[in-house]
Amino acid sequence: MRKSKINWRVPKGAELTELDKKVLSFQNKGHLVPSRELIKTPEQIEGIRRSGVINTAVLDLVEKEIHAGMSTAEIDKLVYDYTVSHGAIPACLGYEGFPKSCCTSINEVVCHGIPNDEEILEEGDIINVDCTTILDGYYADASRMFIIGKTTPEKEKLVRVAKECLEIGMEAAKPFSFVGDLGHAIEKHAKKNGFSVVRDLCGHGVGLEFHEEPDVEHYGKKGTGMLLVPGMVFTIEPMINMGTWEVFIDEEDGWTVVTEDELPSAQWEHTFVMTENGVEILTY
Ligand code: MF3
Ligand code: CO
Ligand code: CO
């Protein structure tokens, strides 16, 4: 069946708003546009923002407590206890069978690492801790990198450049720009620094569910991908590799994503709302 591109639908009998007209003009030119349901109400945005406050506090706590000699299961316990004691739910726990409350991804692990009692942080490790919080049904999703003690200059650069990629993506995400615009900007910065961008995983719409439309790819061509309309809430979460962009999934646990060449990878993530003036971070 032919996939319909028409997905901005104005309710029958409703008068077209200025926003409807603007989005429809992009749609008529053949661009991929969001469905109207992806535009959050101010009340929904406030709910996601409140969830983001807890999400940020969880990551602040991890930042304060993380140290060499700690197991990734201890990080998971911090995340679970803080989240639950603040009336929220860790979204990862039980999500499609994921067994823990956050993802802990060390060195060559790109993402979706499973916290474990036997996995102990060592001096020089770089680790991504990715937490998603549900508060009153609203989702906020963010992750940060942590360097354990002192690491190599190369790994330090990778962590820094991955963060710059997120910031550059944020700046490129203007209202009525396209997902491909921010992907292009991120890819350019990664390549300029001799790194590659993971292509098999992407950012995503978020807020009422864990993963909503659109896919936010961290590479691509300007002017392609979905139109970014004020009121959309989504993550940007570039995964930047020191070597090849190719990855594989650990067959034993079915989750852990690892670089094909087993060189290190780094990732930073925030949840954003698109406004009339650009993106605003909801996970600060
Ligand atoms: N938080 C991850 C993301 O950024 C998703 C983790 S799903 C899990 O989209 F099941 F692995 F927790
Ligand atoms: Co995410
Ligand atoms: Co995440």
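The six donor atoms around the cobalt ion (ligand 2) subtend angles of 51 to 159°, which makes the arrangement irregular. Keep in mind that this is a predicted model. Let's work through it.

**Exercise 1.** Find out which residues hold the cobalt ion (ligand 2), and where E237 and E269 sit in the chain.

*Solution.* Now place the two glutamates. E237 is in the loop between β9 (233-236) and β10 (239-241), while E269 is in the loop between β13 and β14, so this pair, 32 residues apart, links distant parts of the chain. Last, check their cover: both E237 and E269 are buried.

**Exercise 2.** Work out which residue bridges the cobalt ion (ligand 2) and the cobalt ion (ligand 3), then describe the site of ligand 3.

*Solution.* The bridge is D141, and the two ions lie 3.3 Å apart. Next, list the protein donors of the cobalt ion (ligand 3): D130 (OD), D130 (OD), D141 (OD) and E269 (OE), lying 2.1 to 2.4 Å from the ion. Their spacing along the chain reads D-x10-D-x127-E. What about the geometry? The six donor atoms around ligand 3 subtend angles of 58 to 167°, so the arrangement is irregular. Then look at the chain itself: D130 belongs to strand β4 (residues 126-135) and E269 to the loop between β13 (265-267) and β14 (270-275), so the pair ties together parts that are 139 residues apart in sequence. D130 and E269 are both buried.

**Exercise 3.** Decide how the buried residues of helix α1 are arranged around its axis.

*Solution.* First pick them out: in α1 (residues 18-28), the buried ones are D20, V23, L24, F26 and Q27. Look down the axis of α1, and these buried residues fall within an arc of 155°, so they line one face of the helix. Just past α1, G30 takes a positive phi of about 95°.

**Exercise 4.** Is Y80 buried or partly exposed, and what patch does Y80 belong to?

*Solution.* Y80 lies in helix α3 (residues 72-85). With a relative accessible area of 35%, Y80 is partly exposed. Together with V84 and L93, Y80 forms a nonpolar surface patch with about 240 Å² of accessible area.

Definitions and conventions:
Residues numbered from 1 in each chain as written. Chains lettered and ligands numbered in written order. Predicted model: local features only at pLDDT ≥ 70, side-chain atom pairs only at ≥ 80, totals over all residues. Heavy atoms only, no water. Donors = N, O, S within 2.8 Å, 3.2 Å for Na, K, Ca; no water. Tetrahedral: all angles 85-135°; square planar, octahedral: opposite > 155°, others 65-115°. Helix = DSSP H or I, 4+ residues; strand = E, 2+ residues; numbered from the N terminus. Buried < 20%, exposed > 50% of the residue type's maximum accessible area, 1.4 Å probe, protein only. Patch = residues over 30% accessible without salt bridge, like charges linked within 9 Å, V, L, I, M, F, W, Y side chains within 5 Å. Areas by Shrake-Rupley, 256 points an atom, 1.4 Å probe, with all protein chains shown as cover. Salt bridge = Lys/Arg side-chain N within 4 Å of Asp/Glu carboxyl O. Arc of directions from axis to C-beta.
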